[in-house]
Amino acid sequence: MTATSTSLSVVLPVDGRLEPYVLGAPGVWTRPRQPITSRVAFAAAHVIPRTTADNTPGAPAAIDWDATLAYRHELWSYGLGVADAMDTAQRGMGLDWRATAELIRRSGSEAASVGGRLACGAGTDQLDLAELPSGTAGLARIVDAYREQIDVVTEAGAQVILMASRALVQVARSAADYRYVYETLLAGVDRPVILHWLGTMFDPALHGYWGSADIDTATATFRALIEDNRSKVDGVKVSLLDAAHEIALRRALPDGVRLYTGDDFNYPELIIGDAQGHSDALLGIFAAIYPAASTALQALDNGDAARASEILSATQELGRHIFAAPTYYYKTGIAFLAWLNGRQPGFAMVAGLATGRSVPHLAELFRLADKAGLLSDPELAAHRMRVYLELNGVRS
């Protein structure tokens, strides 16, 4: 998986004490020479703020467009699609609708320039929840908000991902309300969309989505919606971190409807699949492990499922660490790894989210990323890790 060990060493905090850690070499990853065909795979990319901007909670998002779009080109160069304007990009956690709309437009233009695959989230986060009316009037406003965002995504040339809506949770009083909103939206799209079911571990405000906190009852509503609108649904992204539930749902979907795994814990087994099928991918973790993910998918294209499984499994410990509880702070780990790898100029995030993880957590992320061969420039990564530790009072 990796070449010979380097002599670089960083002193890391481990269980309250300091221990030297010797880095290995980066993995031997390959960019594809032709499109990946065995799976449809999207990496849900994050956004990079201007380091000199007011990146504090509540401040408007100020994006470093050069670095943010360069990251998307890096993902496309590895044959992956980009899922943009998703929760990975801090929707609902600092990225306001004005910045989101510009992100979608800019990403659409960049995707067209290289023939990159792009899907973007359409939601309702431009609404002020405190001013949202109840009942039919509230549902109508939610539909209008979704339509506004669907139009922006469509005009950018991207595929629509219908994101879960905090506003809908607030207004809906039954599963029928969810059905009404989604069926109204699906009736108006001219291209099949991806439905997004995001669990409460990613966003606690989505408790009771699809009209019930009971997972089986919610799944029944979700399945019925898909069955009755199958021509308008390309696939579903399910982010519940429950592999057994995903496999059961995948097997029950109508023919032609994809299951895009959003399970950042169990993605190796779900993507490799079994005799009854496999999941495609729309994953935040792919934005962190994209060189390995691409190489694994190329192995699948070549019929080498064992090699693909070996590569993906070697990244699983890192993925589970990045997405550990509280899971909604996983974005911090993805940005930290991007900074270690020189993909962004500073370890900064909109809304001050760079403080979302602790020093020990990020030190362990550094170790696991190196173990998986995902520190592309070990010397740079080691230097930046030392700078981060010293800034936070860790002195060897």
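These exercises walk through a predicted model.

**Exercise 1. The barrel**

Task: In what order do the eight strands close into a barrel, and in which sense do they pair?

Solution: 
- Step 1. Follow the strands around the barrel: the order is β3-β4-β5-β6-β7-β8-β9-β10.
- Step 2. Check the sense. The pairing is parallel.

**Exercise 2. The partners of β7 and β8**

Task: How many bridges join β7 to strand β8, and how many join strand β6 to β7?

Solution: 
- Step 1. Start with β6, residues 159-162. Two bridges tie β6 to β7, and these strands run parallel. Here I161 stands opposite I194 in β7.
- Step 2. Turn to β8, residues 233-239. Six bridges join β7 to β8, again in parallel. V193 faces V233 in β8 as its opposite residue.
- Step 3. Trace the chain between β7 and β8. The path passes through helix α6, residues 215-228, and this β-α-β crossover is right-handed.
- Step 4. Go on to strand β9, residues 258-261. Four bridges pair β8 with β9 in the parallel sense. V236 stands opposite L259 in β9.

**Exercise 3. The two sides of β7**

Task: Which residues of β7 point one way, and which the other way?

Solution: 
- Step 1. Recall the rule. Side chains in a regular strand alternate between the two faces of the sheet.
- Step 2. Apply it to β7, residues 193-198. V193, L195 and W197 point one way. I194, H196 and L198 point the other way.
- Step 3. Ask about cover. Six of the six residues of β7 are buried, and the strand is mostly covered.

**Exercise 4. A residue on a helix**

Solution: 
- Step 1. Locate A140. This residue is found in helix α3, residues 135-155.
- Step 2. Buried means under 20%, and exposed means over 50%.

**Exercise 5. The cavities**

Task: How many cavities of 30 Å³ or more does the structure hold, and what lines the largest cavity?

Solution: 
- Step 1. Count them: there are four cavities of 30 Å³ or more.
- Step 2. Take the largest cavity. About 70 Å³ of space lies in it.
- Step 3. List the lining. It has 14 residues, and D87, T88, K237, G284 and Y330 lie nearest the centre of the cavity.
- Step 4. Sort the lining by type: seven nonpolar, four polar and three charged residues.

Conventions: Residues are numbered from 1 along each chain as its sequence is written. This is a predicted model: local features need pLDDT of at least 70, side-chain atom pairs count only at pLDDT 80 or more; totals for chains, interfaces and linings use all residues. Side-chain values use heavy atoms; hydrogens and water are left out. Buried means under 20% relative accessible area, exposed over 50%, partly exposed in between (1.4 Å probe, protein chains only). Two strands pair if DSSP finds at least two bridges between them. A crossover is right-handed if, with the strands pointing away from the viewer, the path from the first strand over the helix to the second runs clockwise. On a 1 Å grid over the protein atoms alone, a cavity is a set of points where a 1.4 Å probe fits but cannot get out, and a pocket is an open set with protein on both sides within 12 Å along at least five of seven lines; lining residues have an atom within 4 Å of a point. Grid points are joined across faces, edges and corners, and a volume is the space filled by probe spheres set on the points. Ala, Val, Leu, Ile, Met, Phe, Trp, Tyr, Cys and Pro count as nonpolar, Asp, Glu, Lys and Arg as charged, and the others, Gly among them, as polar.
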